[in-house]
Amino acid sequence: LDKKAFFKLSYGLYILSTCWQDKQNGCVINTAVQVTSSPACISVAVSKDNYTNELIKNSKVFVVTALSKNADMKLISEFGFKSGRDVDKFKSFNTNITENGIKYVTDDIVSVFNCKVINSVDMGTHTIFVGEVTDAKILRDEEALTYEYYHKVKKGTTPKNAPSYSETEEYGFRCSVCGHIEKAEALPDDFICPVCKQGKDKFVKIGS
Ligand SMILES: Cc1cc2nc3c(=O)[nH]c(=O)nc-3n(C[C@H](O)[C@H](O)[C@H](O)COP(=O)(O)O)c2cc1C
């Protein structure tokens with residue numbers, strides 16, 4: 001099995017949010033896919049470790065928002081590297097609320113899909129939730145962010161909970177504040193994290 005073959009799969013980047021009782025949360029995913037058009041359905045693959053998974057299992061509703069190519073890395077860092085068990089991820093961003101009460105970020109978002117779960121598949125580490133789209137709208141006339149652009153141009157990385165995580169990403173220096181990995185043999189003294197703007201002293205060496 002040549003693991004590099006998986007790098008040839010293409011994805012977009014999204015924030016998946018949900019609410020259950022008074023708990024609002026969301027996380028970054030790259031696994032939103034339109035699976036049918038009539039009815040329109042979207043599937044998402046969510047790690048069982050993610051708080052978002054626990055909430056969707058209970059609420060059976062979710063919102064998928066597609067990120068813009070211009071998305072701020074701080075947004076991705078907040079929703080992709082922190083857990084809603086520890087922080088309120090929404091507090092620093094502009095948000096809106098769907099008719100069924102789900103909060104979603106409106107900054108750097110190009111489109112919004114409101115979904116109700118009609119099926120789910122237990123994949124061991126992850127759950128695939130299939131949602132029927134009950135509402136969809138465009139928020140901005142901007143290009144959507146792709147996984148490739150996020151990695152190649154924005155120099156973003158992927159944490160272990162993402163299905164597309166690869167151990168080959170794990171070398172260089174990891175920012176202990178936001179999780180960003182800088183692939184380099186050494187960091188200059190004036191190095192600043194491109195995601196959270198911390199200095200070199202916050203970076204730890206990883207991999208070989
Ligand atoms: C680029 C990127 C892609 C990701 N894709 C997924 C994904 O498809 N599924 C998933 O479960 N987690 C994915 N994650 C990881 C979650 O966003 C991350 O574990 C998050 O902290 C979970 O937050 P929660 O505990 O509040 O739900 C991805 C993260 C990044 C940065």
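This report walks through the overall build, the nonpolar cores and a few backbone details of the protein.

## About the model

The structure is a predicted model, in which local features need pLDDT of at least 70 and side-chain atom pairs count only at pLDDT 80 or more, while totals for chains, interfaces and linings use all residues. Residues are numbered from 1 along each chain as its sequence is written, and side-chain values use heavy atoms, with hydrogens and water left out.

## Overall build

Let's start with the whole protein. It has 3 helices and 12 strands; these are DSSP runs numbered from the N terminus, with helices being H or I of at least four residues and strands being E of at least two. The C-alpha trace spans about 50 × 40 × 35 Å along its principal axes.

Of the 208 residues, 46% are buried, where buried means under 20% relative accessible area, exposed means over 50%, and partly exposed lies in between (1.4 Å probe, protein chains only). Take the contacts (heavy atoms within 4.5 Å) between residues at least 6 apart in sequence: 60% of them join residues at least 24 apart.

## Two nonpolar cores

A nonpolar core here is a set of buried Ala, Val, Leu, Ile, Met, Phe, Trp, Tyr and Cys residues joined through side-chain atoms within 4.5 Å. The largest one holds 31 residues, and Leu-67, Phe-79 and Val-105 touch the most other members. Elements that each supply at least two of its residues include strand 1 (14-20), strand 5 (61-67), strand 8 (109-122) and helix 3 (147-152). Helix 2 gives the most to this core, with 4 residues.

A second, separate core has 17 residues, among them Ile-29, Val-64, Val-117 and Phe-129. Back in the largest core, Val-105 is worth a look: leaving aside neighbours within four places in sequence, its contacts are Ile-15, Thr-65, Leu-75, Phe-79, Phe-90, Phe-93, Asn-94 and Thr-95.

## Backbone details in the loops

In the loop between strand 3 (33-37) and strand 4 (40-47) you will find Pro-39, which is joined to Ser-38 by a cis peptide bond with omega of about 5 degrees.

Asp-108 is in the loop between strand 7 and strand 8, and its phi is positive, about 60 degrees, although Asp-108 is not a glycine. Lys-197, another non-glycine residue, has a positive phi of about 70 degrees. Its loop runs between strand 11 (181-182) and strand 12 (203-206), and Lys-197 is exposed, with a relative accessible area of 51%.
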